[in-house]
Protein chains: 2
Amino acid sequence: MKFKNNTPTWIWYPGDYEIWLGNEMNNRRTERGAFFPPFWKTASHYVVVEFSKRLNLAASEEIEIAVEGRYNVKLDGKLQFGSPKRFTLPAGEHNLNIKIHNQATPPALFIKGKTVNTDATWKVTFEDKEWIDESGKASDTSVTIYMDAGYWNFNTAEQKPSQFRLATKPQQAVKEEKVKDGKLIDFGKETFGYIYLHGLKGNGTINLYYGESPEEALDTEYCETLDRIYVDSNKVTDLALDVTTDFKDDYTLIESKAFRYVYIEVSPSVRIDRVTMLYEYLPVDYRGTFRCNDEEINKIWDIGAYTMHLTTREFFIDGIKRDRWVWSGDAIQSYLMNYYIFFDCESVKRTIWLLRGKDPVTSHSNTIMDYTFYWFLSIYDYYIYSGDHAFVVQIYPHMVTLMDYVIGRTNPNGMVEGMIGDWVFVDWADGFLDKKGELSFEQVLFCKSLETMALCAKLVDDEEGMNKYAQLANNLQEKLLPAFWDESKQALVHNRIHGEKSDTVTRYSNMFSVFFNYLNENQKQAIKTSVLLNDDILKITTPYMRFYELEALCALGEQEEVMKEMKSYWGDMLRLGATTFWEKYNPDEKGIEHLAMYGRPYGKSLCHAWGGQALFIC
Amino acid sequence: MKFKNNTPTWIWYPGDYEIWLGNEMNNRRTERGAFFPPFWKTASHYVVVEFSKRLNLAASEEIEIAVEGRYNVKLDGKLQFGSPKRFTLPAGEHNLNIKIHNQATPPALFIKGKTVNTDATWKVTFEDKEWIDESGKASDTSVTIYMDAGYWNFNTAEQKPSQFRLATKPQQAVKEEKVKDGKLIDFGKETFGYIYLHGLKGNGTINLYYGESPEEALDTEYCETLDRIYVDSNKVTDLALDVTTDFKDDYTLIESKAFRYVYIEVSPSVRIDRVTMLYEYLPVDYRGTFRCNDEEINKIWDIGAYTMHLTTREFFIDGIKRDRWVWSGDAIQSYLMNYYIFFDCESVKRTIWLLRGKDPVTSHSNTIMDYTFYWFLSIYDYYIYSGDHAFVVQIYPHMVTLMDYVIGRTNPNGMVEGMIGDWVFVDWADGFLDKKGELSFEQVLFCKSLETMALCAKLVDDEEGMNKYAQLANNLQEKLLPAFWDESKQALVHNRIHGEKSDTVTRYSNMFSVFFNYLNENQKQAIKTSVLLNDDILKITTPYMRFYELEALCALGEQEEVMKEMKSYWGDMLRLGATTFWEKYNPDEKGIEHLAMYGRPYGKSLCHAWGGQALFIC
C-alpha cells in the first residue's frame with residue numbers, strides 16, 4: 001500500500017482511472033443476452049489534464065515519455081515541438097509540464113529517467129486557470145488547483161493502464177452429462193470466467209445457458225445469463241454482441257460469466273470436442289489465514305475466503321452472476337473482510353473513488369441513502385486499517401461536496417428522510433419495512449457519517465469543518481433517543497412520521513446503536529433481550545444485516561450465541577451444498593425457493609460478497 | 001431552424017454532442033508544432049444515456065436502429081436479446097426505451113420506421129433513477145428527469161454524428177516565388193485548409209511555415225504555425241503528430257491551418273510538382289445580402305462576410321490562425337452577424353452549449369467574468385431572432401446554475417469583482433485598464449444578465465425565478481448611478497475600490513449603458529461628448545469594442561459619425577491590404593507593428609470574427 005516514490009509508474013488524475021475502469025466493468029452486466037448498464041448517473045474522467053513536476057537536477061538527463069492521449073511538453077513554460085517520446089532535461093531548477101487530451105480513456109503519463117520518474121509526488125490539474133496579461137505572459141495572480149497524481153501498479157511504459165485485464169488460468173470441468181438435447185457441464189464449484197470450446201467445427205448455432213445451480217442452467221427460459229453464438233466454418237459470430245471473429249480449432253467466449261454449471265445446446269451440424277474455461281481473477285496475496293479445531297468453522301472461513309476472492313475483481317462487486325456492479329453497502333463489508341484476508345488497499349481505494357463519481361452530486365450513492373452513509377464510514381475505516389493519510393487528503397474535498405448534498409436535504413429537525421429520487425434501502429426483508437418519514441436507522445448512519453466527517457476534517461487540518469461537523473453530529477445524536485427510544489419497548493422504534501413515533505421495532509437501528517455506542521449500558525443490555533434475541537422482531541434474512549446483528553451481539557459479550565448462529569446460518573448454506581455464500585438465506589425456505597429473488601426463479605446470487613463476512617466474524 | 005418532427009434524424013443528450021465536437025475542435029490548436037489545448041476545464045458528454053418514446057401504433061411496424069455505442073432495447077420494460085438492428089413494434093400503446101453506453105463519442109441514436117422515427121420529441125435522460133421494490137419491479141415512486149433530445153442534421157443511418165467533418169474543395173495558389181532556400185506560395189487571400197502536395201517524390205524533410213503575411217511565412221523562427229514532414233519513398237511521417245501514412249503521388253497534410261502564404265523548404269532529395277490546398281469550410285447559405293452606392297462600404301461588407309464565413313466552423317471561433325477556440329465574448333458578436341448573413345441557428349445553439357459545458361461550474365466562461373455575462377445575453381438575443389422557445393427550455397436549468405455561481409461570488413454590495421481565478425478581461429487595450437475592485441463595466445453586464453434571467457424565467461414559466469432575478473436586477477440597477485456616475489465628469493467612472501469612486505473614465509460601461517438604456521436622455525447626450533467623442537479618453541483599438549462604441553453612437557443618432565468611422569477604421573485595414581478583418585487595429589501603428597500582439601511578432605490574428613462586425617453596422 002505504501003507507495004515507494006521515484007519508482008516510475010503510470011499516473012493520472014486521482015479517481016479518474018478508477019471511474020473509467022469502473023464504467024468498463026459496470027457496463028459489462030448482461031441479462032439473458034441484453035446489455036444492462038447501471039441505473040444511476042455514470043461519471044466520466046477529465047479529458048484534458050496537466051501533469052507537472054518541479055525539478056532540481058544535478059546533471060542533465062534524458063527521460064522516456066509514454067502517454068495515453070495526445071500531449072504536449074512544456075519546459076519552463078516553453079512548448080516543445082510535437083509530442084516527444086524522449087526529451088533531455090537540462091541541469092538545474094526547472095518546471096516540467098505535460099498536458100494530455102484523451103476522451104476515450106483517462107489521460108495517463110509514464111516518465112522514466114535517471115532521477116526523474118512519474119510517481120505519486122507529481123501534481124495534476126484539470127483546469128489550470130491561467131491569467132494572461134496584455135504582454136501575453138501568464139500573470140502572477142494565476143491560480144491552479146493541483147492534486148497529487150493517482151497511480152496503481154503499472155510500472156513499465158508498455159503496461160498501459162487502459163489495457164488492464166484481470167488474470168486468467170485454465171480450469172477443467174468435473175462432470176459432464178447428456179441432458180435433453182444438450183450437455184450439462186459442472187465445474188464443481190461456483191466460478192467466473194470464459195467458456196472455452198475445444199475442437200470446434202461445422203456450421204450452426206451454439207446456445208450456452210449458465211447456472212449457479214443445475215436447475216438454473218437447465219432452465220433455458222429463465223436462467224439469468226446465456227450466450228448464443230453462430231459458427232460458420234472458421235468464423236464465430238457472438239449473436240448478442242454482433243461480433244464476428246476468426247478462430248482455428250478453439251474458441252473462447254468474448255465475455256466472462258459467473259456459473260458453476262453450463263448447459264450447452266449445439267445444432268447437429270456443429271461439433272465440439274471438449275469444454276473447459278478460463279478462470280478470471282484479480283491476483284491478490286492471501287495474507288490472512290485462519291484455522292481452529294472446529295472443521296465446520298474452518299470450512300466457513302474457506303468458503304468465505306473464496307466468495308471474497310470471486311467478488312474482489314477490478315473492484316469489490318456485489319455478486320458475480322447478476323449485477324457485477326459496485327454497491328456502497330456491499331463494498332464496505334468487502335473492505336472489512338479484505339483487511340483480514342488480502343489487505344489489498346488499492347482495491348479499497350479504487351472502489352471508494354468509483355462509488356463517489358464526480359460532482360455535481362445529483363443522487364445518493366447508487367441512489368441509496370444508506371449507501372451514501374456507508375461511503376463516508378468506509379473512508380475513516382480505511383484510514384484506521386491502513387494509516388493512508390494521503391488518500392484522506394485526496395478524497396476529503398469529495399466528502400465535503402457529498403455531505404453538502406446530504407445536509408441540503410435534511411428536514412427542519414436536521415434529520416434525513418426519503419425524498420423523491422432517494423432509495424431508502426435498509427435491507428431486503430421478508431416482511432414489510434416502512435420507508436416513510438424519519439427512519440431511526442438512517443439517522444444513526446447519518447450521525448456516524450457526521451462524526452466521520454469531523455474525524456477526517458481533523459486529519460486534513462480543516463478546523464472549521466471539524467467544528468462544524470462535530471457540532472452537527474452532536475446535535476443529531478442528542479435527538480436520537482428523544483425521537484426514537486421507546487421506554488415500554490426498551491428499544492429504538494423503526495421510524496417517526498410527522499413527529500409521531502411509530503409502534504414498530506426493527507433490528508437495524510438498535511444493533512447499529514450498540515456498536516456505535518449511542519446507548520448507555522442499561523439500554524444496550526435491554527436491547528439484547530428486547531430486540532436482538534427476541535424472535536418476535538422481524539428476522540433478518542440477508543447475511544448483509546446478519547453480519548451487523550452478530551457484531552452487535554459480540555459487542556454485548558454474546559460470543560457463544562454468535563458462534564452458534566454462525567454454525568447454524570452459514571453452516572446451513574454449506575449443508576445445502578453452497579460452494580460460495582449467498583445473497584440471502586432464509587432457513588424457512590425449501591429447495592428451489594432458495595434460488596429465487598426479485599420475483600425471478602434464479603434471481604438470487606449464490607456468490608455474494610456480503611455472504612462472505614463470516615470471515616470477519618471468525 | 002424549425003425542426004420538422006418525424007423526419008428521422010440522429011439524436012443525443014442535448015448539449016452532449018456539441019460539447020464533444022467542441023472538445024475535438026478546441027483540441028486541434030497547435031503552436032509551432034506543439035499541441036495546445038484550452039486552459040479552462042474541458043467538459044465531457046454523459047457516457048450512459050437512455051432514450052425513450054411513448055408509442056401508440058395503429059399497426060405493427062418494423063424499425064431500423066442505428067446506434068453509436070453499445071445498447072439495449074426495452075419494450076414495455078422487457079429487455080430484448082442482444083442489440084437488435086431491426087425490431088418489430090407491435091400495434092397499440094407501448095414504451096420503447098433504448099439505453100446506450102459510449103465513452104469515446106456521445107451516445108447517439110437513429111431510428112427509422114414507417115411512423116416511428118427519432119426526432120426532437122424523443123426523451124432522454126442520463127440517470128433514470130429507478131426504485132426497485134422487493135418484488136423486483138420498478139416502484140411507482142421512481143423519478144426520472146427527462147430532456148427533449150438534441151439533434152442537428154444527420155438524417156440517415158450512415159451519417160454518424162461522430163464522423164462529422166467540415167466540407168472541403170480544392171483551391172489554387174495565385175503566386176509562387178523562390179525565396180531563400182524555398183518557395184513562398186501565395187493563395188491570394190486569407191484562407192483555411194489542408195496543404196496538398198502534388199507529385200511528391202524522394203526521401204527527406206519538408207518544412208512548411210504558414211503566414212497570414214509574407215513576413216510571417218518567411219520567419220521560420222517566429223511564425224505561429226508550421227508543419228514538418230518526412231518523406232520516405234511511399235510513406236510520409238508527420239513529425240509533430242508522429243503519424244506515418246502511405247501515399248501515392250499526392251499527399252495532403254493531416255491538420256488544417258489558416259494562412260494566406262506558405263513558405264516551403266524541401267530537402268534536396270525531395271521533389272514536389274505543385275502545391276495547392278483543400279479549402280475547408282462549413283456549408284452555409286448566404287441569406288443576407290447588402291449593396292449600396294458606396295463601393296468601399298460594399299467592400300467592407302464583403303470582407304466582413306468572408307471573415308465571418310472563415311470563423312463560422314464547427315462552432316463560431318475567435319480567429320482562424322491561432323486559438324481556433326470558442327470564446328463567449330467573441331461568439332456573441334458572431335451570433336449577431338450570423339443573424340444577418342447566414343441565419344444558421346444550429347451554429348448558434350452548438351456554440352452556446354459548448355460554452356456552457358457541464359456542472360459544477362468551477363470558473364467563468366473561458367475563465368473570463370465578462371464572458372459569462374455575454375453568455376446569458378446571447379440566449380435571449382437568440383430567442384428574439386429565432387423564436388426558438390424549445391431551446392430556452394432546454395438551456396434554462398444551465399443558466400440557473402451558472403447564475404448561482406455568479407451570485408455566490410458577489411460582494412456585500414451585491415456587486416461582482418475579480419476574485420482569485422477570475423479573469424476580468426474587458427478588452428485588449430493599448431493603455432492601463434485597472435481590473436481591481438468593482439468595475440462599472442462588469443456591473444452593467446451583470447445587471448443585464450439578471451434582466452435576461454428574468455426574461456428567460458418568464459419564458460419557461462418559472463415565476464419564482466422571474467421575481468427573484470427581476471428583483472436582483474432592479475436592486476443592482478438602482479446602485480449603478482450612485483456608485484459610478486461622476487457629475488463633474490458627466491460619465492460613469494471605470495471602477496470603485498473599497499467604496500471609493502476612481503478618477504478614471506473609460507468608454508466601456510458608458511457605451512453599454514447607452515444602449516442598455518441605464519441612463520436618462522441628458523446623461524446619454526452628455527456621454528456622447530464627455531466620453532464617446534472625447535479623444536482624451538483611452539481609445540479603443542479592437543474591432544470588438546469599436547463595434548459596441550459605434551452601436552452606442554448609433555443609439556445616440558450619430559449615424560453620420562459612425563459611417564465616417566467605419567470607412568476610416570475598417571477602410572484603413574483594407575487600404576493596408578487586409579483580405580479579412582483583424583483582431584486589433586491601431587491606426588497609430590506602422591508596417592509590421594500591425595502583425596504583432598501578445599509580445600509575439602505575429603501573435604495577432606488577421607482573420608478574427610470580431611473584426612467582421614462591420615457587417616452588422618452596415
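**Close-up 1. Pairing of β6 and β9 in chain B of the predicted model.** Strand β6 of chain B (residues 70–75) pairs with strand β9 of chain B (residues 92–101). Six bridges connect these two strands, and the sense is antiparallel. Within this pairing, B:Lys74 has B:Asn97 of β9(B) as its bridge partner.

**Close-up 2. The open sheet of chain B that includes β6 and β9.** Six strands make up this open sheet, and their order is β7-β6-β9-β4-β11-β12. Pairing in the sheet is antiparallel. The edges are formed by β7 (78–79) and β12 (147–148) of chain B, each of which pairs on one side only.

**Close-up 3. The hairpin of β18 and β19 in chain B.** Strand β18 of chain B (residues 226–232) runs antiparallel to strand β19 of chain B (residues 235–238), and four bridges join them. Opposite B:Ile229 stands B:Asp238 of β19(B). Two residues lie between the strands of this hairpin, where B:Ser233 adopts a positive phi near 45 degrees.

**Close-up 4. The hairpin of β19 and β20 in chain B.** B:Val236 is placed opposite B:Thr245 of β20(B). Four residues separate β19(B) from β20(B) in this hairpin. In the turn, B:Asp242 has a positive phi of about 55 degrees.

How values were computed
Residues are numbered from 1 along each chain as its sequence is written. Chains are lettered from A and ligands numbered from 1 in the order in which they are written. This is a predicted model: local features need pLDDT of at least 70, side-chain atom pairs count only at pLDDT 80 or more; totals for chains, interfaces and linings use all residues. Side-chain values use heavy atoms; hydrogens and water are left out. Two strands pair if DSSP finds at least two bridges between them.
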